[in-house]
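This briefing is meant for a reader who is meeting the structure for the first time. Please keep the sequence and the model in view while reading the points below.

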Amino acid sequence: MTSTTTAPHRTFHSLHIPGNPFILPCAWDVASARLFAEAGHPAVGTTSLGVAAGIGAADEDRETLRAMADLLENIRRSLPDALLTCDFEDGYGDDPATVVETLRGAFAGEGADLRIDGINIEDSARGRLVEPLALVGKVSAIKEGFPDLFVNARIDTYWTGQDSLGDTLERMRRYVDAGADGIFVPGDLDLAVVKPIVDASPLPVNVLASPRYSRGQFAEVGVARISTGSLLYRAAISAAAQSLSGLREDRPAQTANVLTYRTVSQLGD
C-alpha cells in the first residue's frame, strides 16, 4: 500500500467485491471519521461538499485542496490504521503532471508514501462535463506515480444531467485502459442503468447511496461499493436545523438519540 499505516491484513483494494458492496461513509471532520470507524466501517472517505461548506467555498470549485489535505492529515493522525480515501475533485488542475505533484504535495507523509489509500477523481470541472481524454491523462499519470493508490474514476455523465449510457460506457472503457482501479457513476440511477454499467465493467463499480434502493438490491446487480457522498453531512446539518426550529417554536430541546457531550468530546482525544 502507499500508506505505511494501513491495517496489515486488509487493503482498500480488497474491500471491493462485486455483488457484496461495502458502505463507504464520507466524513467532513475528525469526529465524524472516528465515529464511522468506531461503528465498524472498514474504510472512511471524505465529502468535498462538507469540506467546502466548512470553509465557505463552493463545492467542486478547486478551493478545498488545503482544507482537504489538512483534514486527511488530522484523520490519519487520529486513525493511524484506518483505510482512507479522498475526494480529489478533478485533480485541482488540468495538466496531468501538475495533478500528480498536487497529489504528492497535499497527501505525502514522510518519504514518498501517501497518507491515503485511494482517491476519487472526476471528469467534470466546476460542474461541467469535460472531454474524457482529460481524465485519461490524469489517471495514467497518477497510476504511474503511485501504482498502489486506488484510483476511482468518477464518470459525471448522470451527475451533470447528460444521461447517456452510451457515453458513460465509452468513458468507462477509456478510464479502464488508462489504469483506473474502480469506476464511480454518481447520481440517482435506476437499477436498469446500473446493471449494464456493471456488466460492461472489468473493474469494481461504485454508486451513491440511494433513496430508492437498498444495499441488497445494489448487490444483486453486482455493485462493489456504495458511497454516502454528502448524504451524512446533509443529514447532520438538517437535524441541527430541525432542532433549532423546535427551540424557536418554544418547544423543549430534543435530546433523544443525540450523542452526549462527553461522547463527542472523546472523539477528539
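Predicted model: local features only at pLDDT ≥ 70, side-chain atom pairs only at ≥ 80, totals over all residues.

In which helix is the place of L103? L103 has its place in helix 4, which covers residues 96-107.

**The nonpolar cores**

- The largest nonpolar core holds 59 residues, and among these F107 and I119 are the ones that touch the most other members. Helix 3, made of residues 65-78, gives the most to this core, contributing six residues.
- Apart from that core lies another one of eight residues, which includes F12, F22, C26 and A43.
- As a general background, nonpolar side chains tend to be buried together in soluble globular proteins.

**L103 and I119**

- L103 counts as buried because its relative accessibility is 0%, where the cut-off for a buried residue is under 20%.
- Not counting residues up to four places away in sequence, L103 touches F88, A108, L114, I116, I119, I142, F146 and L149.
- I119 has contacts of its own beyond four places in sequence, namely with T85, C86, F88, L103, I142, L149, F150, V151 and N152.
- Between L103 and A69 there are 9.3 Å from C-alpha to C-alpha, although the two are 34 residues apart in sequence.

**The two sides of helix 7**

- Helix 7 is formed by residues 191-200, and within it V193, V194, I197 and V198 are buried. These residues lie on the same side of helix 7 because they cover an arc of only 125° around the axis.
- On the face of helix 7 that is turned away from the buried side, the exposed residues A192 and D199 are found.
- The cover over the buried residues of helix 7 includes helix 6 (165-178), strand 10 (205-208) and helix 8 (215-220).

**Residues in loops**

- T228 lies in the loop that runs between strand 11 (225-227) and helix 9 (231-248), and T228 is buried, with a relative accessible area of 10%. Leaving out residues up to four places away in sequence, T228 touches I23, L24, P25, C26, L208 and A209.
- G127 sits in the loop between strand 6 (124-125) and strand 7 (128-129), where it counts as partly exposed at 43% relative accessibility. Beyond its neighbours within four places in sequence, G127 is in contact with E60 and T160, while the C-alpha atoms of G127 and A57, which are 70 residues apart along the chain, are separated by 14 Å.
- R62 is found in the loop between helix 2 (48-54) and helix 3, and R62 has a positive phi of about 65° although it is not a glycine. With a relative accessibility of 22%, R62 counts as partly exposed.
- Y92, in the loop between strand 4 (83-87) and helix 4, is a residue other than glycine with a positive phi, near 60°. Y92 counts as buried at 11% relative accessibility.

- L35, L259 and V264 make a nonpolar surface patch of about 220 Å².
- Of these patch residues, V264 has its place in helix 10, which is made of residues 261-267, and V264 is partly exposed, with a relative accessible area of 39%.

Notes. Residues numbered from 1 in each chain as written. Heavy atoms only, no water. Buried < 20%, exposed > 50% of the residue type's maximum accessible area, 1.4 Å probe, protein only. Helix = DSSP H or I, 4+ residues; strand = E, 2+ residues; numbered from the N terminus. Arc of directions from axis to C-beta. Contact = heavy atoms within 4.5 Å. Patch = residues over 30% accessible without salt bridge, like charges linked within 9 Å, V, L, I, M, F, W, Y side chains within 5 Å. Areas by Shrake-Rupley, 256 points an atom, 1.4 Å probe, with all protein chains shown as cover. Salt bridge = Lys/Arg side-chain N within 4 Å of Asp/Glu carboxyl O. Core = buried A, V, L, I, M, F, W, Y, C linked by side-chain atoms within 4.5 Å.
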